[in-house]
Amino acid sequence: MTQTMRRRDFLAAGLGLAIGGLFVGRVTAQAARPDKYNVLFISIDDLRTLLGCYGHPEVVSPNIDRLAAEGALFTETHCQAAACAPSRVSMMSGVRPTTSGAYYFVPMREKMPEVLSLPEHFRENGYRTLSYGKIYHYGLRDDDRGWSEHPWMPHGQIKGYMAPDSHAMQQQLALEAGEPENWVNRNGPSTEMADIPEEAYPEAKLVDRAIETLENIGDEPFFLGVGFIRPHLPFAAPKKYWDLYERDAIDLAENRAPIENATDYTIPVWWELRQYTEAPSRGNPPPPVSDAMARKLIHGYRACVSFVDNQVGRLLDALEAQGLAENTVVILWGDHGFHLGEHDYFAKATNLDVATRCPMILRTPDQEQRGLRIDALTELVDIYPTLCEAAGLETPPHVEGLSVVPLLAEPDLPWKKGAFTQYPRWPRLDKSGDVPLPPDGVMGYTVRTAEHRYVEWVRQEDAAVLANELYDYAADPLEQVNVAGQEAYAAVEARLSQLLHDGWEAALPAS
Ligand SMILES: [Ca+2]
């Protein structure tokens, strides 16, 4: 059966249903399942679970909330490394950083020249695969082999600045650095509120392009990757999205205080926010962010989330308008969390929940229950096999994730015993003081269970465990006390250390 015929069948079956009603309750328009479903793959950079559908009504995210209401929202999805490049390489390859060694900012092919990536697998199975925006880490370029066309980025400021004042500041900083010609790549202010129509922004152009593609996609099955860069720093969004929030009403993080009994490695020296002009001056540790600045940053982050949410809505609307919603699997995910003042830190790259937990929302044509909220432990590395199973492809044997599709039918199935993440600390910094240099240093390995998080900091040269952490979420949901070493937790600590050392395969549910 061709895709056009399927679309017509669905259109005929769905004529009486209002848009948005298609996914309410049980699926009503049951047509024969096609051999292959399309995939709409929506990546949102640095998006933590700060969304209405994740229990944050203070954040305006009606479109992502709608997707969650029609699909399944996963509350305990954890990345495999809490930074853009390694998280994405792991997710796109299906290989964990522990296996590949891609735990820092390296291109996927440097560590895994022959790996069959997620889009490459779809391409080899007859899909037209397209990469628009930030799918892999943009600084490391995309991976041409996976895509039917050369990856496409919206033109304009990669940094996201739209206002002349921001551009002037970038130019000034570039001049001071002796690189005036490279000003567009300079970090300027950490936030930008510009009274500029949203249509002019790269995020909107990205969706314009995706919509045009959906309108002309024809009968070929497709895997369309759309990667939004916001809410990555700088928090640059049109004024109308800043206006959704009242700054004085923004609550600061409850857990701004340092973690009791933190290790030397728990919270790193800032290497991101302080690249921007409004951040506190350097120092180790850097001075704290003022309350006013913290509110401004949270305000900017929320504005970016709402801005991107609106673009997601345009994309989902286009999918429906083209009659493609009923035969397209939609996945929306963020590559890691982000501290917004928790433990007085504004960035990612920790091994704490606030940095490892990611949004993951899946909507499949086949799922019978809509609006699911699934608390099973899941990982971004699960996306690869999930999309294979949901779309109708075999999963290649190298993949180290577990398809979550069975949870759509039975959300309470016994599932993984742990979710695994790693992120290192390096003793040396480069000359700018900003970017850590591999490969020597201390690796933080962590496992998250339903009740606890356990972390070991391991010196790479001799595998010595230098420090460890244990958090008890029942007693301490905000990770304020490291209870490792406390007698009352000795048995838990031993059990979780064993789980960590046994690794991801031992944590899989019995099959
Ligand atoms: Ca990121």
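Ala349 is found in the loop between strand 7 and helix 11, and in this predicted model the residue has a phi near 70°, a positive value in a residue other than glycine. Asp344 is placed in the loop between strand 7 (328-334) and helix 11 (353-356) as well, again with a positive phi, here near 55°.

**The nonpolar core**

- The largest nonpolar core holds 135 residues, and those that touch the most other members are Val39, Ile42, Leu315, Ile331, Leu332, Ile361 and Leu387.
- Helix 10, which spans residues 291-321, gives the most to this core, with a contribution of 13 residues.
- When residues up to four places away in sequence are not counted, Ile331 touches Phe41, Ile42, Leu362, Ile383 and Leu387.
- As general background, nonpolar side chains tend to be buried together in soluble globular proteins.

- Four strands form an open sheet in the order 10-11-12-13, and their pairing is antiparallel.
- Strand 10 (419-425) and strand 13 stand at the edges with a single partner strand each, so one side of each is left without a neighbour in the sheet.
- From one strand to the next, the twist averages 15°.
- Strand 11 (residues 442-448) runs antiparallel to strand 12 and is joined to it by seven bridges, and Arg448 stands opposite Arg453 in strand 12.
- Strand 12 (residues 452-459) and strand 13 (residues 465-472) are likewise antiparallel, with seven bridges between them, and Val455 has Glu469 in strand 13 as its bridge partner.
- Five residues separate strand 12 from strand 13 in a hairpin, and Ala463, which lies in the turn, has a positive phi of about 60°.
- Helix 14 (residues 490-502) lies across strand 11, strand 12 and strand 13, and runs at about 65° to strand 12.

- Lys417 lies in the loop between helix 13 (405-409) and strand 10, and is partly exposed because 16 other C-beta atoms lie within 10 Å.
- Although Lys417 and Thr449 are 32 residues apart along the chain, their C-alpha atoms are separated by 6.1 Å.
- If neighbours within four places in sequence are left aside, Lys417 is in contact with Thr449, Leu499 and Ala507.

**Helix 3 and what covers it**

- Helix 3 (residues 84-93) is mostly covered, since ten of its ten residues are buried.
- Gly94, which comes just after helix 3, takes a positive phi of about 80°.

**Strand 3 and strand 5**

- Strand 3 (residues 128-133) is largely enclosed by the rest of the structure, because five of its six residues are buried.
- Six bridges pair strand 3 with strand 5 (residues 222-228) in the parallel sense, and Gly133 stands opposite Gly227 in strand 5.

- The peptide bond that joins Arg230 and Pro231 is cis, with omega at about 10°, and Pro231 lies in the loop between strand 5 and strand 6 (235-238).
- A cis peptide bond also leads from Leu233 to Pro234, with omega near -5°, and Pro234 has its place in the loop between strand 5 and strand 6.

How values were computed
Residues are numbered from 1 along each chain as its sequence is written. Two strands pair if DSSP finds at least two bridges between them. Helices (H or I, at least four residues) and strands (E, at least two) are DSSP runs, numbered from the N terminus. Axes are lines fitted to C-alpha atoms, for helices over the stretch in contact, and angles run from 0 to 180 degrees between N-to-C directions. Two residues are in contact if their C-beta atoms, placed from the backbone, lie within 7 Å. A nonpolar core is a set of buried Ala, Val, Leu, Ile, Met, Phe, Trp, Tyr and Cys residues joined through C-beta atoms within 7 Å. A residue is buried if 20 or more other C-beta atoms lie within 10 Å of its own, exposed if 12 or fewer, and partly exposed in between; C-beta atoms are placed from the backbone.
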